[in-house]
Amino acid sequence: MSNKKIILTGDRPTGKLHIGHYVGSLQNRVKLQNSGDYESFIMIADQQALTDNARDPEKIRNSLIQVALDYLAVGIDPEKSTILVQSQIPALSELTMHYLNLVSVSRLERNPTVKTEIKQKNFGQSVPAGFFIYPVSQAADITAFKATTVPVGEDQEPMLEQTREIVRSFNSIYGDVLVEPEGYFPPEGEGRIPGLDGNAKMSKSLNNAIYLSDDADTVQKKVMSMYTDPTHIHVEDPGHVEGNTVFTYLDIFDDDKEKVADLKAQYQHGGLGDVKIKRYLNDVLQAVLDPIRTRREQYAQDIPGVYKILKDGSEKANVVANQTLKEVVEKMGLNYFG
Ligand code: TRP
């Protein structure tokens, strides 16, 4: 065993990934992967996706391959990171069953992430039990790989807290086996990108996202439709750059900070039109997305090859998760037959 730190991250496959995912997490995962300081596991959490999509398995099945392509396209390298599929790791379900006894219903009810999501998803009285307990299954995901480090958005921090509680509880009752994970939050400035319409979040349901798989024309059309400054009507009018989505994107994606500062000054002064600034943003975005698109197309030509990557990754993950489960079962004294 190496003493490298271990990373576990993942996504629910409920659709294709967009540039918000790229800025908020994918880019960071690639960076951590290439740093060589970590052993990385990246999970496609199809079982978690099914907790609120039980009636639409086809959607999850299709999204799984899209998410895998997105991962490979942004530079997640199966030689360096293990990409695995949650449902193919049976030890995770078994660990979840054991952990469920260590968590109270009221504690789950207070989990802020679950609370918010229950509101957003309009379940009413019919919250699926599997959805309600997904923080426990996520604790199984994290602990099965003895992850030390979980790079997630801040909205996932309550998941980590819940995981740490389960770890402490398990270790104190049965003996030290599980590892307490810590969060890893991308440096300030990264991680937040508004939707095309200026909404704080980019999401499929709001129809305000640019996908990593969008072709160049689609990206251009989306950029040309972006929300700017409603008070900037004529080119000569002075405009606002605060809360102006085009400038927010330039801040994130354009490495030429001097140029952005220049454009901002011109826009605020008046004389710089929305069409012109959007065309410039389009060039900047296409330069970021082009290599991603090209790699995606290459992998998409060999879908069986992509499934093979997922199969190999899942096999590797099974070895690790089965070992943790074995230790857990032994500590609990459930190894009746040796
Ligand atoms: N909950 C994450 C999401 O909303 C996905 C996920 C499942 C995950 N298991 C995980 C993230 C373990 C980090 C660690 O997409």
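This is a predicted model: local features need pLDDT of at least 70, side-chain atom pairs count only at pLDDT 80 or more; totals for chains, interfaces and linings use all residues.
1. On the opening question, the distance from a polar side-chain atom of glutamine 48 to a ligand nitrogen atom is 2.7 Å. Aspartate 141 also places a polar side-chain atom by a nitrogen atom of the ligand, at 2.8 Å. For glutamine 156, the corresponding distance to a ligand nitrogen is 3.2 Å. The protein buries 91% of the 360 Å² that the ligand exposes when taken alone.

2. Now the wider shell. There are 13 residues around the ligand, and those that come nearest are Arg12, Gln48, Gln138, Asp141 and Gln156. Sorted by class, the shell holds 6 nonpolar residues, 4 polar ones and 3 charged ones.

3. Which elements supply at least two residues of that shell each? Strand S1, spanning 5–11, is one of them, and helix H8, spanning 134–144, is another.

4. Turning to helix packing, H1 covers residues 19–35 and H11 covers residues 245–253. These two helices pack at an angle of about 40°, and their axes are 12 Å apart. Because of that angle, H1 counts as oblique to H11. As for handedness, H1 and H11 make a left-handed crossing.

Key
Residues are numbered from 1 along each chain as its sequence is written. Side-chain values use heavy atoms; hydrogens and water are left out. A residue is near a molecule or strand if one of its heavy atoms lies within 4 Å of it. A polar contact is a pair of N or O atoms within 3.5 Å; within protein, one must be able to donate a hydrogen and the other to accept it, and residues adjacent in sequence count only if both atoms are side-chain atoms. Accessible areas come from the Shrake-Rupley method with a 1.4 Å probe; for residues, only the protein chains shown count as cover. Helices (H or I, at least four residues) and strands (E, at least two) are DSSP runs, numbered from the N terminus. Ala, Val, Leu, Ile, Met, Phe, Trp, Tyr, Cys and Pro count as nonpolar, Asp, Glu, Lys and Arg as charged, and the others, Gly among them, as polar. Axes are lines fitted to C-alpha atoms, for helices over the stretch in contact, and angles run from 0 to 180 degrees between N-to-C directions. Angles under 35 degrees count as roughly parallel, over 145 as roughly antiparallel, 65 to 115 as roughly perpendicular and the rest as oblique. A crossing is left-handed if the near helix is turned anticlockwise from the far one by less than a right angle, and right-handed if clockwise.
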